[in-house]
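Here are a few notes to go with the structure below.

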Amino acid sequence: MKITKSKLKEMIQEELEQVSEYGWNDLKVGDMVTMKNGKNAKVIKLGGKGKGFPRNFVKIKPSSGKEEVVGIDDLKESKQVSESMNKGEGNEIIDQLGGRQFVRMTGAKDFFIGPKGMVFKIGKNSKGVNYVRINLNSMDTYDVEFLSIRNYKEKVKYKANGIYVDMLKDTFEQNTGLYTSL
């Protein structure tokens with residue numbers, strides 16, 4: 001069963017709702033955060049949806065002290081937060097992968113820029129990957145996820161973090177089996 005554009009947009013909308021729900025792009029369990037009082041803490045649980053506390057709160061464990069539930073407003077920053085990508089950055093990534101030749105060689109289409117980076121569909125390949133998500137992280141390197149989306153379920157086949165520009169093509173080719181140029 002093919003995933004439709006409307007279903008993909010719905011999935012992306014769910015991600016966008018998650019962003020607005022917590023106030024951080026990628027705040028998740030395990031992230032290290034800094035509170036307004038300057039103490040560092042680790043996120044233990046996100047609130048909402050029957051978790052025992054409201055959605056605008058998180059359960060944290062400071063480096064010294066007991067677990068506590070605090071509001072998102074009490075957090076100053078998160079080390080895992082990545083800013084949303086813009087269209088210019090998305091075009092730059094495509095150029096770095098090979099531009100038009102990359103698109104022709106891989107069958108890349110349905111490009112979308114969202115809060116977790118750029119997502120696009122690719123042609124059939126030996127690795128079973130049909131979508132790729134690329135995000136520019138705070139270290140000015142790329143985080144790349146090779147996805148298999150089937151029957152409305154997303155499965156991460158491979159994830160590569162901290163990829164430099166010169167490694168982007170090789171990483172793509174190794175994890176999809178598709179060449180980016182002749």
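Predicted model: local features only at pLDDT ≥ 70, side-chain atom pairs only at ≥ 80, totals over all residues.

1. Buried residues make up 42% of the 182 residues. Among contacts with a separation of 6 or more, 40% come from residues 24 or more positions apart.

2. Five strands form an open sheet in the order 6-7-8-9-10, with antiparallel pairing. Strand 6 (109-114) and strand 10 (153-163) are the edge strands; each has a single partner strand, so one side of each is left without a neighbour in the sheet. On average, neighbouring strands of this sheet are turned by 20° against each other, direction ignored.

3. Within this sheet, strand 8 (residues 131-136) pairs with strand 9 (residues 142-150) in the antiparallel sense over six bridges. Val 132 has Phe 146 in strand 9 as its bridge partner.

4. Now for the packing. The largest nonpolar core has 20 residues, and those touching the most other members are Ile 93, Leu 97, Phe 120, Val 132, Ile 134, Val 144 and Phe 172. At least two residues of this core come from each of helix 2, strand 7, strand 8, strand 9, strand 10 and helix 4 (165-176). A second, separate core of 10 residues includes Val 33, Met 35, Val 58 and Ile 72. As background, nonpolar side chains in soluble globular proteins tend to be buried together.

5. Leaving out residues up to four places away in sequence, its contacts include Met 85, Ile 93, Leu 97, Phe 120, Tyr 142 and Val 144. Lys 116, Gly 117, Met 118 and Asp 143 are also touched by Ile 134.

6. How do helix 2 and helix 3 stand to each other, and at roughly what angle do their axes cross? The axes of helix 2 and helix 3 (residues 99-106) come within 6 Å and cross at roughly 75°, and the two helices are therefore roughly perpendicular to each other. At their contact, Ile 94, Asp 95 and Leu 97 of helix 2 meet Gly 99, Phe 102 and Val 103 of helix 3. These residues divide into four nonpolar, one polar and one charged.

7. Strand 1 (residues 32-35) and strand 2 (residues 40-46) pair in the antiparallel sense over three bridges, and Thr 34 stands opposite Asn 40 in strand 2. Their hairpin has four residues between the strands, with Gly 38 taking a positive phi near 95°. Strand 2 also pairs with strand 3 (residues 57-62), again in the antiparallel sense, over five bridges. There, Val 43 stands opposite Ile 60 in strand 3.

8. Last, a loop residue: is Thr 141 buried or exposed? Thr 141 sits in the loop between strand 8 and strand 9, yet counts as buried at 5% relative accessibility. Beyond its neighbours within four places in sequence, Thr 141 contacts Asn 135, Leu 136, Gly 162, Ile 163 and Tyr 164. From Thr 141 to Asn 161, 20 residues apart in sequence, the C-alpha to C-alpha distance is 7.9 Å.

Key. Residues numbered from 1 in each chain as written. Heavy atoms only, no water. Pairing = 2+ DSSP bridges. Axes fitted to C-alpha atoms, helices over the stretch in contact; angles between N-to-C directions. Core = buried A, V, L, I, M, F, W, Y, C linked by side-chain atoms within 4.5 Å. Buried < 20%, exposed > 50% of the residue type's maximum accessible area, 1.4 Å probe, protein only. Contact = heavy atoms within 4.5 Å. Parallel < 35°, antiparallel > 145°, perpendicular 65-115°, else oblique. Nonpolar A, V, L, I, M, F, W, Y, C, P; charged D, E, K, R; others polar.
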